[in-house]
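Biologist: I have not worked with this one before. Can you walk me through it?
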Amino acid sequence: MITVRIRFEKTGEAAYISLLDLQRVFHRILKRSGLPVYYTQGFNPHIYLSFACPLSLGQESLCECCEVKTEAEDPQLDTWCDVLQPYMPRGIKVLSAQQAQNKVAEIDHASYLVTLPASAAAALDAYNAAENAMVVKKTKRGQKELDLKTIIPHVEYEQAGGQLQFNLVLPCGSGEAPNYNPALLLGYLQQQYNIPPWLCSVLRTKLYTKNNEEFC
């Protein structure tokens with residue numbers, strides 16, 4: 001059995017498709033496509049489908065991926081993009097479909113491009129000058145308090161027109177591994193400095209393994 005990794009972009013209005021809805025969308029599309037995907041066994045068989053490091057609602061990405069399985073000896077993966085794309089909702093672009101060469105569990109960190117209004121410069125300067133920045137992070141076991149400065153000690157931003165932009169590299173593990181989202185920083189800026197999160201945007205640009213190699 002072959003594990004097929006489908007890579008795709010999720011931008012624009014597609015950023016507001018939740019993980020649950022995205023799973024439903026892909027299930028329907030895969031069924032309609034007629035591609036030789038594997039179905040689980042049992043009373044209620046369904047397509048085996050899993051997503052790596054799902055995004056927070058409202059965030060965009062250039063490096064999303066999901067996995068399906070196939071028992072076909074020659075699944076002709078070079079045709080999958082052309083077959084799937086016509087069914088995709090606006091904002092989702094299929095980039096590739098290839099046999100998975102590594103495991104999703106190898107994902108260790110991700111890079112993000114964060115955009116804020118130019119008026120947020122004073123807030124970012126205050127954040128950089130602060131000794132600590134305490135936030136509450138929700139986890140599967142409840143909530144825990146953490147100091148953002150231990151994760152994002154400094155924000156090096158650039159101004160372009162009426163916007164500020166900066167890159168963040170954050171842990172993006174699965175299971176019990178650390179997983180932090182730029183939304184923690186945006187929430188802190190809103191709470192402390194009244195920076196509206198709806199004027200900010202987050203674009204995930206790449207996923208990396210523990211060896212700092214690009215995950216694909």
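Modeller: Here is a short tour, from the overall fold to one surface patch.

Modeller: This is a predicted model, where local features need pLDDT of at least 70, side-chain atom pairs count only at pLDDT 80 or more, and totals for chains, interfaces and linings use all residues. Residues are numbered from 1 along each chain as its sequence is written, and side-chain values use heavy atoms, with hydrogens and water left out.

Biologist: How many helices and strands does the chain have?

Modeller: There are 4 helices and 10 strands, taken as DSSP runs (H or I, at least four residues, for helices; E, at least two, for strands) and numbered from the N terminus. From that end, the order is β-α-β-β-α-β-β-α-β-β-β-β-α-β.

Biologist: What box do the C-alpha atoms fill?

Modeller: Roughly 60 × 35 × 30 Å along the principal axes.

Biologist: And what share of the residues is buried?

Modeller: Of 216 residues, 43% are buried; that term means under 20% relative accessible area, while exposed means over 50%, with partly exposed in between (1.4 Å probe, protein chains only).

Biologist: Switching topic, which residues form the negative surface patch?

Modeller: Glu 73, Asp 74, Asp 78 and Asp 82 form the patch. Patch residues have over 30% relative accessible area and no salt bridge, and like charges are joined within 9 Å. A salt bridge is a side-chain nitrogen of Lys or Arg within 4 Å of a carboxyl oxygen of Asp or Glu.

Biologist: Where is Asp 74, then?

Modeller: Asp 74 lies in the loop between strand S3 (60–70) and helix H2 (80–84).

Biologist: Buried or exposed?

Modeller: Asp 74 is exposed, because its relative accessible area is 58%.

Terms used. Patches are made of residues with over 30% relative accessible area and no salt bridge: like charges are joined within 9 Å, nonpolar side chains (Val, Leu, Ile, Met, Phe, Trp, Tyr) within 5 Å. Accessible areas come from the Shrake-Rupley method with a 1.4 Å probe; for residues, only the protein chains shown count as cover. Lys and Arg count as positive and Asp and Glu as negative; His and the chain ends are not counted. The place of a charge is taken as NZ of Lys, CZ of Arg, CG of Asp or CD of Glu.
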